[in-house]
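Please keep the sequence and the structure in view while reading.

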Amino acid sequence: MTQTPHHTDVREFHPRARAAIADPKIRKNFRKAMDGLITKRKDAFEGWDLEALRDLGANIRLRALANLPDLLEQLEKKLSENGVKVHWAIDGDEACRIIRDICVARNAKTVIKGKSMVTEEMELNHYLDDHDIEALESDLGEYIVQLAGETPSHIIMPAIHKNTGEISELMHEKTGTDLSSDVEYLTASARHQLREKFMNADVGVSGVNFAVAETGTLCLVENEGNGRMTTTVPQCHIAVTGIEKVVGKLEDVAPLLALLTRSATGQHITTYFNMISGPRKPEELDGPEEVHLVLVDNGRSSIYQDDELLDTLRCIRCGACMNHCPVYTRVGGHTYGTTYPGPIGKILMPHLIGLDEGRHLPTASSLCGACGEVCPVKIPIPDLLVRLRQESVDGDKLNPAKVRGHGAKRGTLEAMVWKGWSWMHARPGVYRLGTKVASRLRRLQPGNLGGWTRYRTAPKLAARTLHERMKERSQ
């Protein structure tokens with residue numbers, strides 16, 4: 001099995017974007033998929049008071065974040081009472097070590113995985129592979145990208161960049177499946193290939209959509225049944241989640257679930273909704289004998305300390321912002337080179353990798369506002385993009401910003417230009433003289449103004465300044 005590769009260099013966003021735009025196949029695959037998802041989402045909310053539901057969802061997430069430390073303690077206490085072993089990881093490396101240690105303690109050599117973006121964030125597959133433990137993805141989309149040796153290009157639909165023909169050729173090459181355009185045949189073939197892996201896996205690893213503090217319940221949303229198999233067939237189940245996924249009460253889950261499924265895939269409800277409260281009890285016939293939860297920080301505490309950037313943690317990972325983003329739908333997820341692509345990735349990833357590495361992410365947006373309009377929990381994504389853009393050029397060491405690597409996009413020449421602009425505008429006499437001289441020398445104005453004129457025509461200085469024209473009008 002080909003392992004999922006490391007994520008590519010984030011700093012190469014622009015050359016990858018140009019290549020993606022020049023590739024008609026990528027553009028066609030994404031355009032077709034995104035148009036379908038946009039229509040399905042709209043139909044799924046037909047008859048609902050969508051704004052009221054979004055307000056409710058946003059308030060639930062805000063309330064949970066406001067009480068996050070207490071809720072996490074309550075969640076740990078309840079899970080421990082239920083027999084679940086809770087682990088805390090400060091970053092992805094520590095989370096990987098915890099999972100490896102659990103596997104080693106059980107002498108486990110094979111891991112079957114349900115869909116989990118936080119394990120993508122940790123690059124868990126690579127880590128386990130380096131320690132002689134095989135990790136196999138069981139979500140169909142994740143299974144396909146793992147066969148291809150790729151990373152997911154969408155957080156909900158990992159293989160959305162591939163059409164049926166490409167998937168058929170890939171499965172034929174890697175698994176011997178017949179070439180076919182019959183989606184049901186390809187799906188059944190993958191299911192057959194995975195069934196034996198489920199039965200023989202030593203450990204099952206899954207993500208968590210919502211962790212309920214009052215009951216100690218881990219909620220998992222899925223469509224294929226692979227999540228239920230992953231969490232019940234192996235004798236050990238390890239759930240992995242970011243610390244922000246906790247909610248206070250069980251009643252909070254219903255509105256969030258209604259928003260999640262409709263926003264993500266346009267479904268009223270998914271095929272499976274798993275609620276895991278602990279290991280198998282003596283009187284029960286199936287289920288794991290051991291359940292663990294790994295709570296991963298990985299930079300989230302830093303986000304939590306900023307009153308504005310905190311809104312990033314509201315995300316319920318539906319992917320609606322990607323489906324509606326004019327940038328994402330044209331370049332695709334691999335262009336970003338990050339675990340989380342699209343609008344949510346552009347505000348989340350700079351926290352996780354720093355603005356020095358992710359300096360281009362906040363500017364990879366038209367700021368059209370579509371992402372903010374469809375976000376089910378009303379994350380002000382455009383506002384956060386502007387904030388991160390400001391931090392990416394903020395070189396003020398006396399007022400350090402919250403995001404690591406701030407000021408990475410600050411150029412010496414640009415900084416000098418803006419300082420000169422500020423100095424001149426603070427002195428009316430200098431401003432009038434400067435603009436008058438510039439207007440007289442406008443024929444010497446360069447036509448190339450760097451990045452500004454790459455796709456635009458440079459603005460021309462007027463022959464006379466505004467002050468001169470107003471003075472003439474008043475005479």
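Helix α4 (residues 68-81) lies across β1 and β10, and runs at about 145 degrees to β1. Helices (H or I, at least four residues) and strands (E, at least two) are DSSP runs, numbered from the N terminus. Angles run from 0 to 180 degrees between N-to-C directions, with axes fitted as lines to C-alpha atoms, for helices over the stretch in contact. The model is predicted: local features need pLDDT of at least 70, and side-chain atom pairs count only at pLDDT 80 or more, while totals for chains, interfaces and linings use all residues. Residues are numbered from 1 along each chain as its sequence is written, and side-chain values use heavy atoms, with hydrogens and water left out.

Helix α5 (residues 92-105) packs on the sheet, and its direction makes about 145 degrees with that of β1. Contact means heavy atoms within 4.5 Å. The strands that α5 touches include those in the table.

| Strand touched by α5 | Residues |
|---|---|
| β2 | 110-113 |
| β4 | 203-206 |
| β7 | 236-242 |

The open sheet has 6 strands in the order β1-β10-β7-β4-β2-β3, with parallel pairing. Two strands pair if DSSP finds at least two bridges between them. At the edges are β1 (85-89) and β3 (134-137), each pairing on one side only. Neighbouring strands are turned by 25 degrees against each other on average, direction ignored. Between β1 and β10 (residues 290-296) there are 5 bridges, and H87 stands opposite V294 in β10.

Next come the cores. A nonpolar core is a set of buried Ala, Val, Leu, Ile, Met, Phe, Trp, Tyr and Cys residues joined through side-chain atoms within 4.5 Å. Buried means under 20% relative accessible area, exposed over 50%, and partly exposed in between (1.4 Å probe, protein chains only). The largest core has 81 residues, and L218 and L293 are among the members that touch the most others. Helix α12 (residues 253-265) gives the most to this core, with 7 residues. Another core, of 23 residues, lies apart from it and includes A89 and V111.

R387 lies in helix α18 (residues 381-393). R387 is buried, with a relative accessible area of 14%. Leaving aside neighbours within four places in sequence, R387 is in contact with D306, E308, L309 and K402.
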